[in-house]
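The sequence and structure come first.

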Amino acid sequence: MAKPIILLLAALSILYTASPANAATTSSPSSSAIDFIEASCSATLYPALCVQSLSRYATSIQRNRSQLIQTAFSVSLDEAKSTKTMFANKLNGVKPRGMAVVKDCLEQIDDAVDQLRESIEELKNIGQAKGIGQDLRFHISNAQTWTSAALTDLSTCTDAVAGEASDGGLETSVRARVDGVAQVTSNALALLNKFGTEL
Ligand SMILES: *[C@@H]1O[C@H](CO)[C@@H](O)[C@H](O)[C@H]1NC(C)=O
(Lines give C-alpha, C1' and ligand atoms only; values in the text may rest on other atoms or scores of the structure.)
Protein backbone atom coordinates (compact mmCIF):
# COMPACT_ATOMS: atom_id res chain seq x y z
CA MET A 1 0.00 0.00 0.00
CA ALA A 2 2.83 2.36 0.89
CA LYS A 3 4.76 1.83 -2.31
CA PRO A 4 2.06 2.97 -4.76
CA ILE A 5 1.52 6.07 -2.68
CA ILE A 6 5.21 6.90 -2.71
CA LEU A 7 5.27 6.32 -6.44
CA LEU A 8 2.25 8.52 -6.85
CA LEU A 9 3.85 11.26 -4.77
CA ALA A 10 7.04 10.95 -6.79
CA ALA A 11 5.04 11.23 -10.00
CA LEU A 12 3.14 14.23 -8.67
CA SER A 13 6.34 15.96 -7.61
CA ILE A 14 7.78 15.43 -11.07
CA LEU A 15 4.60 16.87 -12.59
CA TYR A 16 4.71 19.73 -10.12
CA THR A 17 8.32 20.65 -10.84
CA ALA A 18 7.68 20.28 -14.56
CA SER A 19 4.56 22.41 -14.56
CA PRO A 20 6.12 25.90 -14.46
CA ALA A 21 7.93 25.06 -17.70
CA ASN A 22 4.74 23.59 -19.11
CA ALA A 23 2.82 26.70 -18.16
CA ALA A 24 5.40 28.84 -19.93
CA THR A 25 5.25 26.83 -23.14
CA THR A 26 1.47 26.57 -23.20
CA SER A 27 0.91 30.28 -22.59
CA SER A 28 3.68 31.57 -24.88
CA PRO A 29 2.41 30.33 -28.30
CA SER A 30 -0.16 33.07 -28.39
CA SER A 31 2.31 35.85 -27.55
CA SER A 32 4.85 34.30 -29.88
CA ALA A 33 2.11 34.07 -32.51
CA ILE A 34 1.38 37.77 -31.97
CA ASP A 35 5.10 38.54 -32.35
CA PHE A 36 5.08 36.55 -35.57
CA ILE A 37 2.00 38.41 -36.87
CA GLU A 38 3.52 41.79 -35.97
CA ALA A 39 6.83 40.94 -37.65
CA SER A 40 5.06 39.68 -40.77
CA CYS A 41 2.74 42.69 -40.91
CA SER A 42 5.70 45.07 -40.91
CA ALA A 43 6.09 44.16 -44.61
CA THR A 44 2.62 45.50 -45.43
CA LEU A 45 1.38 48.98 -46.32
CA TYR A 46 -1.10 49.06 -43.42
CA PRO A 47 0.69 47.24 -40.59
CA ALA A 48 -1.63 48.34 -37.77
CA LEU A 49 -4.72 47.18 -39.66
CA CYS A 50 -2.87 43.98 -40.55
CA VAL A 51 -2.10 43.18 -36.90
CA GLN A 52 -5.59 44.16 -35.82
CA SER A 53 -7.32 41.99 -38.40
CA LEU A 54 -5.09 38.93 -37.92
CA SER A 55 -4.31 38.82 -34.21
CA ARG A 56 -7.72 37.44 -33.31
CA TYR A 57 -6.73 34.37 -35.32
CA ALA A 58 -3.37 34.06 -33.54
CA THR A 59 -4.30 30.69 -32.05
CA SER A 60 -4.81 29.09 -35.43
CA ILE A 61 -2.01 31.04 -37.17
CA GLN A 62 0.63 30.16 -34.56
CA ARG A 63 3.88 30.84 -36.43
CA ASN A 64 2.78 29.17 -39.65
CA ARG A 65 3.25 31.37 -42.70
CA SER A 66 0.84 29.48 -44.95
CA GLN A 67 -1.78 29.74 -42.26
CA LEU A 68 -1.04 33.47 -41.89
CA ILE A 69 -1.46 34.08 -45.63
CA GLN A 70 -4.59 31.97 -45.93
CA THR A 71 -6.10 33.77 -42.96
CA ALA A 72 -5.24 37.17 -44.45
CA PHE A 73 -7.01 36.20 -47.68
CA SER A 74 -10.06 34.88 -45.90
CA VAL A 75 -10.27 38.13 -43.89
CA SER A 76 -10.14 40.01 -47.17
CA LEU A 77 -12.84 37.85 -48.77
CA ASP A 78 -15.07 38.17 -45.69
CA GLU A 79 -14.71 41.96 -45.74
CA ALA A 80 -15.49 42.11 -49.45
CA LYS A 81 -18.55 39.89 -49.05
CA SER A 82 -19.95 41.79 -46.08
CA THR A 83 -19.38 45.10 -47.87
CA LYS A 84 -21.25 43.81 -50.89
CA THR A 85 -24.17 42.59 -48.75
CA MET A 86 -24.26 45.80 -46.77
CA PHE A 87 -24.58 48.06 -49.80
CA ALA A 88 -26.85 45.74 -51.73
CA ASN A 89 -29.27 46.09 -48.81
CA LYS A 90 -28.90 49.86 -48.70
CA LEU A 91 -29.39 50.50 -52.41
CA ASN A 92 -33.15 50.88 -52.06
CA GLY A 93 -32.89 54.24 -50.37
CA VAL A 94 -30.39 55.80 -52.78
CA LYS A 95 -31.25 58.88 -54.76
CA PRO A 96 -31.17 58.25 -58.52
CA ARG A 97 -28.02 60.21 -59.26
CA GLY A 98 -25.91 58.23 -56.81
CA MET A 99 -27.54 54.94 -57.64
CA ALA A 100 -25.70 54.31 -60.89
CA VAL A 101 -22.26 54.80 -59.45
CA VAL A 102 -23.02 52.73 -56.37
CA LYS A 103 -24.47 49.98 -58.55
CA ASP A 104 -21.31 49.98 -60.66
CA CYS A 105 -19.32 49.76 -57.46
CA LEU A 106 -21.33 46.79 -56.32
CA GLU A 107 -20.50 45.00 -59.54
CA GLN A 108 -16.83 45.73 -59.03
CA ILE A 109 -16.99 44.45 -55.47
CA ASP A 110 -18.74 41.37 -56.79
CA ASP A 111 -15.90 40.81 -59.25
CA ALA A 112 -13.38 41.33 -56.46
CA VAL A 113 -15.19 38.69 -54.36
CA ASP A 114 -14.86 36.20 -57.24
CA GLN A 115 -11.20 37.08 -57.77
CA LEU A 116 -10.40 36.69 -54.08
CA ARG A 117 -12.11 33.29 -54.14
CA GLU A 118 -9.85 32.31 -57.03
CA SER A 119 -6.81 33.49 -55.06
CA ILE A 120 -7.85 31.41 -52.07
CA GLU A 121 -8.35 28.40 -54.32
CA GLU A 122 -4.81 28.86 -55.70
CA LEU A 123 -3.39 29.12 -52.20
CA LYS A 124 -5.17 26.21 -50.57
CA ASN A 125 -2.14 23.92 -50.83
CA ILE A 126 0.67 26.32 -50.00
CA GLY A 127 1.06 24.59 -46.63
CA GLN A 128 2.46 21.56 -48.42
CA ALA A 129 5.33 23.65 -49.78
CA LYS A 130 7.84 20.81 -49.73
CA GLY A 131 8.01 18.94 -53.01
CA ILE A 132 5.70 21.28 -54.86
CA GLY A 133 8.45 23.55 -56.18
CA GLN A 134 7.57 25.13 -59.52
CA ASP A 135 3.95 24.19 -59.00
CA LEU A 136 3.87 26.26 -55.83
CA ARG A 137 5.37 29.24 -57.66
CA PHE A 138 2.77 28.84 -60.38
CA HIS A 139 -0.10 28.91 -57.89
CA ILE A 140 1.38 31.86 -56.03
CA SER A 141 1.78 33.75 -59.28
CA ASN A 142 -1.85 33.03 -60.23
CA ALA A 143 -3.02 34.20 -56.82
CA GLN A 144 -0.97 37.39 -57.20
CA THR A 145 -2.63 38.04 -60.56
CA TRP A 146 -6.15 37.44 -59.21
CA THR A 147 -5.49 39.62 -56.18
CA SER A 148 -4.09 42.47 -58.27
CA ALA A 149 -7.21 42.30 -60.42
CA ALA A 150 -9.36 42.48 -57.27
CA LEU A 151 -7.41 45.54 -56.09
CA THR A 152 -7.91 47.21 -59.46
CA ASP A 153 -11.67 46.63 -59.26
CA LEU A 154 -11.83 47.96 -55.73
CA SER A 155 -9.94 51.12 -56.67
CA THR A 156 -12.12 51.62 -59.75
CA CYS A 157 -15.04 51.59 -57.34
CA THR A 158 -13.53 54.02 -54.85
CA ASP A 159 -12.39 56.38 -57.64
CA ALA A 160 -15.89 56.41 -59.11
CA VAL A 161 -17.64 57.15 -55.82
CA ALA A 162 -14.98 59.70 -54.87
CA GLY A 163 -16.34 61.91 -57.68
CA GLU A 164 -19.79 61.76 -56.10
CA ALA A 165 -18.86 61.76 -52.46
CA SER A 166 -19.43 65.40 -51.65
CA ASP A 167 -22.56 65.23 -49.55
CA GLY A 168 -21.55 62.76 -46.86
CA GLY A 169 -24.13 60.34 -48.23
CA LEU A 170 -23.99 56.73 -49.30
CA GLU A 171 -21.06 57.32 -51.65
CA THR A 172 -18.92 58.42 -48.72
CA SER A 173 -19.70 55.32 -46.71
CA VAL A 174 -19.18 53.08 -49.76
CA ARG A 175 -15.80 54.69 -50.27
CA ALA A 176 -14.76 54.18 -46.64
CA ARG A 177 -15.85 50.55 -46.61
CA VAL A 178 -14.29 49.69 -49.95
CA ASP A 179 -11.06 51.45 -48.93
CA GLY A 180 -11.02 49.16 -45.90
CA VAL A 181 -11.48 46.08 -48.11
CA ALA A 182 -8.71 47.31 -50.42
CA GLN A 183 -6.37 47.81 -47.47
CA VAL A 184 -6.80 44.31 -46.02
CA THR A 185 -6.47 42.94 -49.57
CA SER A 186 -3.28 44.92 -50.16
CA ASN A 187 -1.95 43.51 -46.87
CA ALA A 188 -2.79 39.94 -47.88
CA LEU A 189 -1.02 40.48 -51.19
CA ALA A 190 2.06 41.95 -49.48
CA LEU A 191 2.26 38.90 -47.17
CA LEU A 192 1.96 36.63 -50.19
CA ASN A 193 4.58 38.60 -52.17
CA LYS A 194 7.04 38.32 -49.29
CA PHE A 195 6.44 34.58 -49.08
CA GLY A 196 6.95 34.31 -52.86
CA THR A 197 10.28 36.12 -52.83
CA GLU A 198 11.59 33.97 -49.97
CA LEU A 199 10.87 30.61 -51.61
C1 LIG B 1 0.89 25.24 -41.74
O2 LIG B 1 -0.44 25.38 -42.14
C3 LIG B 1 -0.79 24.65 -43.29
C4 LIG B 1 -2.24 24.97 -43.61
O5 LIG B 1 -2.36 26.29 -43.88
C6 LIG B 1 -0.60 23.16 -43.06
O7 LIG B 1 -0.89 22.46 -44.24
C8 LIG B 1 0.84 22.92 -42.64
O9 LIG B 1 1.00 21.57 -42.31
C10 LIG B 1 1.21 23.79 -41.45
N11 LIG B 1 2.62 23.64 -41.18
C12 LIG B 1 3.08 23.35 -39.98
C13 LIG B 1 4.56 23.26 -39.87
O14 LIG B 1 2.34 23.19 -39.02
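## Ligand site

Which residues are around the ligand? In this predicted model, they are N64, S66, Q67, Q70, G127 and Q128. Sorted by class, this shell holds 6 polar residues, with no nonpolar and no charged ones.

For N64 the distance is 2.3 Å, for Q70 it is 2.5 Å, and for Q67 it is 3.0 Å. The ligand taken alone exposes 360 Å², of which the protein buries 46%.

## Residue S186

Helix α7 spans residues 170-197 and includes S186. Is S186 buried or exposed? S186 has a relative accessible area of 14%, and therefore counts as buried, the cut-off being under 20%.

Apart from neighbours within four places in sequence, S186 is in contact with L45, Y46 and L151.

## Confidence

The mean pLDDT of the protein chain is 83, and 78% of the residues score at least 70. Among the elements of the chain, helix α2 (residues 47-54) has the highest mean pLDDT, 98, whereas helix α1 (residues 2-41) has the lowest, 59.

Over residues 4-29 the pLDDT is below 50. Beyond near neighbours in sequence, this stretch has 2 contacts in the model.

Conventions: Residues numbered from 1 in each chain as written. Predicted model: local features only at pLDDT ≥ 70, side-chain atom pairs only at ≥ 80, totals over all residues. Heavy atoms only, no water. Near = heavy atom within 4 Å. Polar contact = N/O pair within 3.5 Å; in protein donor to acceptor, adjacent residues only side chain to side chain. Areas by Shrake-Rupley, 256 points an atom, 1.4 Å probe, with all protein chains shown as cover. Nonpolar A, V, L, I, M, F, W, Y, C, P; charged D, E, K, R; others polar. Helix = DSSP H or I, 4+ residues; strand = E, 2+ residues; numbered from the N terminus. Buried < 20%, exposed > 50% of the residue type's maximum accessible area, 1.4 Å probe, protein only. Contact = heavy atoms within 4.5 Å. pLDDT = per-residue confidence, 0-100.
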